[in-house]
Amino acid sequence: MLGYRLMAWLYWGADRTQSFSLRRKILYVNTVALLAILFMLGFDIAYLVSGNAALIRSTAIHLPAFVIAGGTPWLNRRGEYTIARWAIALTLTGMVGATVALVSGSFLGLHYIFIVIAMIAIAIFPLRDWRSTAFLVVLNIGAFAWSAYVGVDPEASLFVLPRQTIAAFKAGYLGTMIFTVLFVAWLGEFATHQNEHELESLSGIDPLTQLPNRRRIMQRLAERLLASRRLGEYGGVLFLDVDNLKTINDVHGHECGDFVLQEVAQRLLASIRAMEMAARLGGDEFVVVLSHLGRNRDEALVNLRSVSQNLSAVLSQPYHLGTTGSADDGVLEIDVCSCSIGGTLFDGADLNPDAILQRADSAMYSAKAAGKNRVEIVEAYANQLSS
C-alpha cells in the first residue's frame with residue numbers, strides 16, 4: 001500500500017499529458033522533491049542529535065523548503081509544470097545557500113551540493129527551455145565558487161564539534177550527492193524504458209517476434225466474440241507456454257532463447273489460417289485466437305483439438321539455431337523444446353475476453369503440471385463449466 005501511494009505521488013501530474021518527454025520531466029521533479037524532503041529530514045534529525053546550537057538553528061531554514069517540496073507534486077497535478085520546476089530548483093538553491101551562510105561556510109563542505117543542484121536543473125528542465133537551465137546552472141556554480149573561494153567564517157560553536165561528527169557529516173553530504181546523481185541517472189533510464197514499453201504497447205507489435213501483443217490480441221478476441229454472437233459459430237483460444245526455455249537460456253544463452261521464441265512465432269504463423277491471429281503475451285507465453293470452428297459444439301471441439309495437436313507437433317520439432325563452431329555441421333540443434341497448450345471454446349454467450357483467456361491459461365497450467373508437451377482442452381464455454 002505504501003509503495004503504491006509513493007508511486008502515485010511521484011507520478012502526480014504525469015497522467016495529465018500525452019507527451020513522453022514531459023512525463024519524464026514531471027517524474028524527475030517529483031522525485032527530486034521527495035529526495036529533498038527525505039534528505040532534509042535526515043540531516044535535521046542528525047543536527048538535533050548533535051546538540052550543536054548552530055546546527056540546530058539551521059533546521060529552521062528547512063521549514064519553508066519542506067512546504068514547497070511537499071507542494072511540488074500538487075503543482076504538477078494542477079498543470080503548473082514550469083512553476084513546479086522553478087519552485088524546487090530555487091528552493092534547493094536558496095536552502096543550501098542559507099545553510100552555508102548560517103552554519104558552515106566551507107567548514108563542512110556543504111557548498112559542494114550546489115554542483116549537484118546544477119546537474120539536477122539540467123535534468124528537470126526540457127531542452128527547449130535551455131535559458132532557464134543555463135541560468136540555474138550559472139547561479140549554482142557561482143554560489144559554489146563564492147562559497148569555496150570567499151565564503152563566510154563558520155560559527156564558533158562549530159569548532160567544538162568532535163572530529164568524528166564532522167567526518168560523519170562530510171560523509172553524509174558526499175553520500176547524498178553521489179546517491180542523488182546516480183539515482184537521477186537511473187531514473188532517466190527507467191523512464192525511457194517505461195516509455196519504450198508504452199510505445200510498443202500502443203503500436204500493438206511485440207518487438208522480438210513481430211507478433212501482435214496483448215493489447216492487439218484482446219482487441220481481436222473481443223471482435224471474435226461479437227462475430228460469434230452474430231454468426232452463431234464457435235471460436236477458440238489456445239494459450240501456449242514454451243517448455244524448458246529457462247534451461248535453454250541458462251545452457252545456451254539468452255540469444256538462443258530469443259531465437260527459439262522467434263522460431264515459435266514463425267511456426268505459429270505458418271500453421272494457422274490467415275483469418276486467425278497469433279500473439280505473444282510476453283516472456284514465453286503465446287496466444288492463438290481461432291474462429292469459424294463450427295456451429296455445433298462437438299464439431300467445434302474436434303476442430304479445436306485438431307488445431308492444438310497439430311501446433312503441438314509442429315512446435316515440438318527440433319530447433320536448429322546458428323553455428324556452434326564445431327567441425328561437424330556447425331549447427332546447434334535443440335530438441336528439448338516443446339509447448340504446453342491449453343485451450344477453450346467460446347461462443348456468443350461469452351461476454352468477457354479476460355475470462356476466456358483465463359480459462360485457456362488455467363488449461364495450459366494443467367497441461368504443464370501433467371508433464372509438459374501436452375494439450376489440455378477445457379470444454380467450458382459461456383456459463384457451462386464442465387471438463
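Colleague: Is Ala-54 buried or exposed, and what is its relative accessible area? And how many of the residues of strand S1 are buried?

Modeller: The model is a predicted one. Ala-54 has a relative accessible area of 0%, so it counts as buried. It belongs to helix H3, residues 53–58. Apart from neighbours within four places in sequence, the residues in contact with Ala-54 are Val-103, Glu-155, Ser-157 and Leu-158. Glu-155 is 101 residues away from Ala-54 along the sequence, yet their C-alpha atoms are 7.0 Å apart. For contrast, Leu-41 in helix H2, residues 20–50, is partly exposed at 44% relative accessible area. Leu-41 forms a nonpolar surface patch with Ile-45 and Val-49, and the three together have about 300 Å² of accessible area. In an α-helix, residues three or four places apart point the same way because there are 3.6 residues a turn.

Now to strand S1, residues 234–243, where ten of the ten residues are buried. In a regular strand, side chains alternate between the two faces of the sheet. In S1, Tyr-234, Gly-236, Leu-238, Leu-240 and Val-242 point one way, while Gly-235, Val-237, Phe-239, Asp-241 and Asp-243 point the other, and both sets are buried.

The pairing of S1 comes next. S1 runs antiparallel to strand S3, residues 285–294, and seven bridges join the two. Strand S6, residues 338–346, is also antiparallel to S1 and is joined to it by nine bridges. Gly-236 can be followed into both partners: it stands opposite Leu-290 in S3, and its bridge partner in S6 is Leu-345.

S1, S3 and S6 are also among the elements that cover the buried residues of helix H13, along with helix H9, strand S2 and strand S7. H13 spans residues 353–369, and its 17 residues reach 24 Å from first C-alpha to last, close to the 24 Å expected. Its buried residues include Ile-356, Leu-357, Ala-360, Ala-363, Met-364 and Ala-367. Arg-359 and Asp-361 in H13 are buried too.

That leaves the charged side chains. Side chains of opposite charge can pair when their charged atoms come close. The whole structure holds eight salt bridges. One of them joins Arg-280 and Asp-206 at 3.1 Å, N to O. Arg-280 is in strand S2 and Asp-206 in the loop between helix H8 and H9, so this pair ties together parts 74 residues apart in sequence. Both Arg-280 and Asp-206 are buried.

Another pair, Glu-276 and Arg-273, meets at 2.4 Å, N to O. Here Glu-276 is buried at 9% relative accessibility, whereas Arg-273 is partly exposed at 36%. Elsewhere, salt bridges with shared partners join Asp-241, Asp-243 and Lys-368 into one network. Asp-241 and Asp-243 point the same way from S1.

Technical notes. Residues numbered from 1 in each chain as written. Predicted model: local features only at pLDDT ≥ 70, side-chain atom pairs only at ≥ 80, totals over all residues. Heavy atoms only, no water. Patch = residues over 30% accessible without salt bridge, like charges linked within 9 Å, V, L, I, M, F, W, Y side chains within 5 Å. Areas by Shrake-Rupley, 256 points an atom, 1.4 Å probe, with all protein chains shown as cover. Salt bridge = Lys/Arg side-chain N within 4 Å of Asp/Glu carboxyl O. Helix = DSSP H or I, 4+ residues; strand = E, 2+ residues; numbered from the N terminus. Buried < 20%, exposed > 50% of the residue type's maximum accessible area, 1.4 Å probe, protein only. Pairing = 2+ DSSP bridges. Expected span 1.5 Å × (residues − 1). Contact = heavy atoms within 4.5 Å.
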